[in-house]
Amino acid sequence: MGRVRGGDVYVVQPTGPAVNAHLIELLLLLDACRRGGAHTITAVVPYFGYARQDRRTRAGEPVGARVVAEALATAGADRLVVVDPHTTALKAMSAVPVEMLTAVPVIAAALAEDLPDDAVVVSPDLGAVELAEHYSALLHRPVAVVRKTRASGTNVQADEAVGDVTARPVVVVDDMISTGATVEAAVHVLLARGAAADITVAANHGLLVGDARSRLAKLPLRRVLVTDTLATEKTPQEPPLQVRSVAPLLADAIARLHSDRPLDALLTPS
C-alpha cells in the first residue's frame with residue numbers, strides 16, 4: 001500500500017459474491033489505512049452486501065445490514081458511499097454518514113438510445129414502483145406494475161399486471177437481478193397480457209446467482225442491461241447481457257467529496 005498518512009483516502013470495494021471474502025478484504029484495507037495515518041477514510045462500496053437483511057422477520061434473526069455498517073465504521077471508515085442499496089434504512093443503521101448514489105440515470109441514458117416511443121416501464125413487483133417512477137420521469141414513458149407473491153428465493157408467482165401493455169414494448173426495471181425469478185414471473189405475466197415480444201430488463205446490480213443466467217436466456221428478451229457494480233463473467237447459457245460502467249459516477253462523487261461540493265445531483269431521490 002502506498003503512503004496514505006494525512007491523506008483523504010477512498011477505498012473502493014464492492015461486497016458482492018463471494019460476499020464474506022470481499023467484506024473481510026474491505027475491512028482489512030480500512031484498518032490498514034487507519035493505522036497508516038490517513039486523515040479521512042471513505043469506503044466506496046458500489047454494491048453493499050447484506051443490504052437486503054435490513055429487518056428481522058422472525059425471532060433470532062440478525063440484522064446483517066446494521067452489523068456490516070457498524071463493522072465498516074469500527075474498521076476505520078469515516079464515511080460510506082454506496083450505489084442504489086436495497087434499503088434506504090442503511091442511513092439510520094450506520095454510525096458514519098452514508099451517501100447513496102444512484103445509477104438510474106446511467107441506465108436510463110443507455111435505454112433512451114433506442115427506446116420505442118410506445119414503450120412502457122414496468123415494475124416487476126410493488127417494491128420497485130418508486131424505482132419505476134424514477135425511470136418513467138427520465139424516459140418520459142408510462143408505468144405498469146406486476147403484482148407478485150414470493151414462495152421462496154427461487155420461486156415467484158406473478159398474478160396480474162396493472163397498466164396498459166397490450167402490443168407495446170416493455171422495460172422491466174428493478175434494483176437488482178439475483179436469481180432471476182422475479183423477472184421470469186413478470187415476463188410471463190406481461191406476455192400473457194399481450195405485451196409485445198420486445199422486452200428489455202434493466203437492473204442497477206447484476207448478481208445473477210445460481211441458474212439466473214440460464215433462466216434469463218430462456219426468456220424472449222431483447223437485452224438485459226446492468227451496471228458494473230459487480231463483475232460479470234461469460235457463461236455457456238448467456239442472456240443478451242449489456243453492461244454500463246458506474247466509474248464516471250464514482251469518480252464524480254469522489255471529486256465532489258474531496259472538494260467539499262454537494263452531491264445532490266448524484267443521489268438517490270428521497
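**Second largest pocket**

I began with the second largest pocket, which has a volume of about 240 Å³. Of its 15 lining residues, I noted P17, L207, L230, A231 and T232 as the closest to its centre. The lining divides into seven nonpolar, six polar and two charged residues. My classes: Ala, Val, Leu, Ile, Met, Phe, Trp, Tyr, Cys and Pro are nonpolar, Asp, Glu, Lys and Arg charged, and the others, Gly among them, polar.

For the search I used a 1 Å grid over the protein atoms alone; a pocket is an open set of points with protein on both sides within 12 Å along at least five of seven lines, a cavity is a set where a 1.4 Å probe fits but cannot get out, and lining residues have an atom within 4 Å of a point. Points are joined across faces, edges and corners, and a volume is the space filled by probe spheres set on the points.

**Ground rules**

This is a predicted model, so local features need pLDDT of at least 70 and side-chain atom pairs pLDDT 80 or more, while totals for chains, interfaces and linings use all residues. Residues are numbered from 1 along each chain as its sequence is written, and side-chain values use heavy atoms, with hydrogens and water left out.

**Largest pocket**

Next I looked up the largest pocket, at about 1200 Å³. It is lined by 40 residues, and P85, H86, T87, G127 and D175 lie nearest its centre. Helix 5 (129-139), strand 6 (143-150), strand 8 (170-177) and helix 6 (181-192) each supply at least two lining residues. Which strand gives the most to this lining? Strand 8 does, with four residues. Helices (H or I, at least four residues) and strands (E, at least two) are DSSP runs, numbered from the N terminus. By class I have eleven nonpolar, 16 polar and 13 charged residues here.

**Cavity**

I found one cavity of 30 Å³ or more. The largest cavity has a volume of about 40 Å³, and its lining is Y47, F48, A51, R52, D84, P85, H86, M176 and H205. That makes five nonpolar, two polar and two charged residues.

**Helix pair**

The axes of helix 1 (residues 19-35) and helix 2 (residues 64-75) come within 8 Å and cross at roughly 25°. Axes are lines fitted to C-alpha atoms, for helices over the stretch in contact, with angles from 0 to 180 degrees between N-to-C directions. The two helices are therefore roughly parallel to each other (angles under 35 degrees). Helix 1 makes the contact (heavy atoms within 4.5 Å) through L23, L26, L27, L30, D31 and R34, and helix 2 through V68, A71, L72, T74 and A75. I sorted these residues into eight nonpolar, one polar and two charged.

**Salt bridges**

I count twelve salt bridges, each a side-chain nitrogen of Lys or Arg within 4 Å of a carboxyl oxygen of Asp or Glu. One of them joins E113 and R244 (3.8 Å, N to O). This pair links distant parts of the chain, 131 residues apart: E113 sits in the loop between helix 4 (104-112) and strand 5 (120-123), R244 in strand 11 (residues 241-244).

**Backbone notes**

The peptide bond from P17 to A18 is cis, with omega near -5°. I place A18 in the loop between strand 1 (8-12) and helix 1. Y50 has a positive phi of about 75° although it is not a glycine; Y50 lies in the loop between strand 2 (40-45) and helix 2.

Notes
Angles under 35 degrees count as roughly parallel, over 145 as roughly antiparallel, 65 to 115 as roughly perpendicular and the rest as oblique.
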